[in-house]
Amino acid sequence: MEVEPYLDLFLELGRSMVEAGAEIYRVEDTIIRLCGAYEMRDVEVFAIRSLIVVSVKDGQGRVLSGTKRIYETGIHMGKLEELNQMSRYVCAERPGLNELGRRLKQCRSFKSVNRRETLLGYMLAAFSFACFFGGRLRDGAAGAVLGLILFVMDQKLAKKCPQRLVYVVLASMVLGFCGMMWGRLDMGFQPDKIMIGAIMLLIPGMAFMNSMRDMMSNNQINGFFSCLDTLLTAGAIAIGFAVPLKLLGGV
């Protein structure tokens, strides 16, 4: 059996898991199990949020290695579940190369919700958080409008922006100015509550939790860099919202 194409597909699966928000220890464990199912020996895996490196020995004792660079990460629980199911199937059934490639392609293109449902989630979350933190129904409705604006920016601008932190600052500034404009309509809106609802859509809470779990799981390197990334994101959000507050005189 030619090991190289299988190893490359296992690396692709691991990269897809990281991109979908999987914990690093789970990615490493999955690749080790996949390689073991196809009789690869002495499997060594090193993974961080931006890189996966694997070294194995084939049946003839040759040492083979592969790397995959990761450029984008996010949270996609539906896709991650599909990838986990695929890894279990592969370990149990050991399908051929073509079947592996077909299933991996299906998992990577999986979409658990459509755009309309995603938009509803943005608006409902912003509405709920604005009301939860002391806003009235009108503030929640204004927060839902900001959720709509953020959804449009995520769909149209996020992937075009060369640096993610720059996009976070830009999105925060737009939402901040829109929130302040609601407060200047003299209709009883509370701009601070409206902006809180929008801020909660940007805060990387799950990423921060995963970074803490990585550090507690003896994966300090990835945990530290993930934590640093979440802190930089929080700083970018603060800078973006501080600009309209400074220019328009605060809440």
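Helices (H or I, at least four residues) and strands (E, at least two) are taken here as DSSP runs, numbered from the N terminus. By this definition, the secondary structure of the chain comes to ten helices and three strands. Read from the N terminus on, the elements follow the order α-α-β-β-β-α-α-α-α-α-α-α-α. The model is a predicted one, in which local features need pLDDT of at least 70 and side-chain atom pairs count only at pLDDT 80 or more, while totals for chains, interfaces and linings use all residues. Residues are numbered from 1 along each chain as its sequence is written, and side-chain values use heavy atoms, with hydrogens and water left out.

Along its principal axes, the C-alpha trace of the chain spans about 75 × 35 × 30 Å. The C-alpha atoms of Asp 229 and Glu 93 are 38 Å apart in space, and the two residues are 136 residues apart in sequence. Met 215 and Gly 61 are 154 residues apart along the chain, with 34 Å between their C-alpha atoms. Asp 229 is found in helix H10 (residues 220-247), and Met 215 is found in helix H9.

The next topic is burial. A residue is called buried under 20% relative accessible area, exposed over 50%, and partly exposed in between (1.4 Å probe, protein chains only). Of the 251 residues of the chain, 38% count as buried.

The interior can be described through its nonpolar core, meaning a set of buried Ala, Val, Leu, Ile, Met, Phe, Trp, Tyr and Cys residues joined through side-chain atoms within 4.5 Å. The largest such core has 34 residues, of which Phe 10, Met 40, Ile 52 and Val 56 touch the most other members. Two or more residues come from each of helix H1 (3-19), helix H2 (24-37), strand S1 (41-48), strand S2 (51-57), helix H3 (77-93) and helix H4 (97-108). The most is given by H1, with nine residues.

A salt bridge is counted where a side-chain nitrogen of Lys or Arg lies within 4 Å of a carboxyl oxygen of Asp or Glu. By this rule the count comes to 16 salt bridges. One of them joins Arg 15 and Glu 12, whose closest N and O atoms are 2.7 Å apart. Both residues lie in helix H1, three residues apart, about one turn of the helix, and both are buried. Another bridge, at 2.7 Å from N to O, brings together the side chains of Arg 213 and Glu 23. This pair links distant parts of the chain, with Arg 213 in helix H9 (residues 205-216) and Glu 23 in the loop between H1 and H2, 190 residues apart. Arg 213 is partly exposed, with a relative accessible area of 32%, whereas Glu 23 counts as buried at 10%.

Helix H2 holds a further example. There, Asp 29 and Arg 33 lie four residues apart, about one turn of the helix, and their side chains meet in a salt bridge of 2.8 Å, N to O. Asp 29 is partly exposed, with a relative accessible area of 35%, and Arg 33 is exposed at 53%. Elsewhere, salt bridges that share partners join Asp 8, Glu 12, Arg 15, Glu 19, Lys 68 and Arg 108 into one network.

Patches are made of residues with over 30% relative accessible area and no salt bridge, with like charges joined within 9 Å and nonpolar side chains (Val, Leu, Ile, Met, Phe, Trp, Tyr) within 5 Å. Accessible areas come from the Shrake-Rupley method with a 1.4 Å probe, and for residues only the protein chains shown count as cover. A nonpolar surface patch of about 590 Å² is made by Phe 46, Ile 221, Phe 224, Phe 225, Leu 228 and Leu 232. H10 gives the most to this nonpolar patch, with five residues. Phe 224, found in helix H10, counts as partly exposed at 49% relative accessibility.
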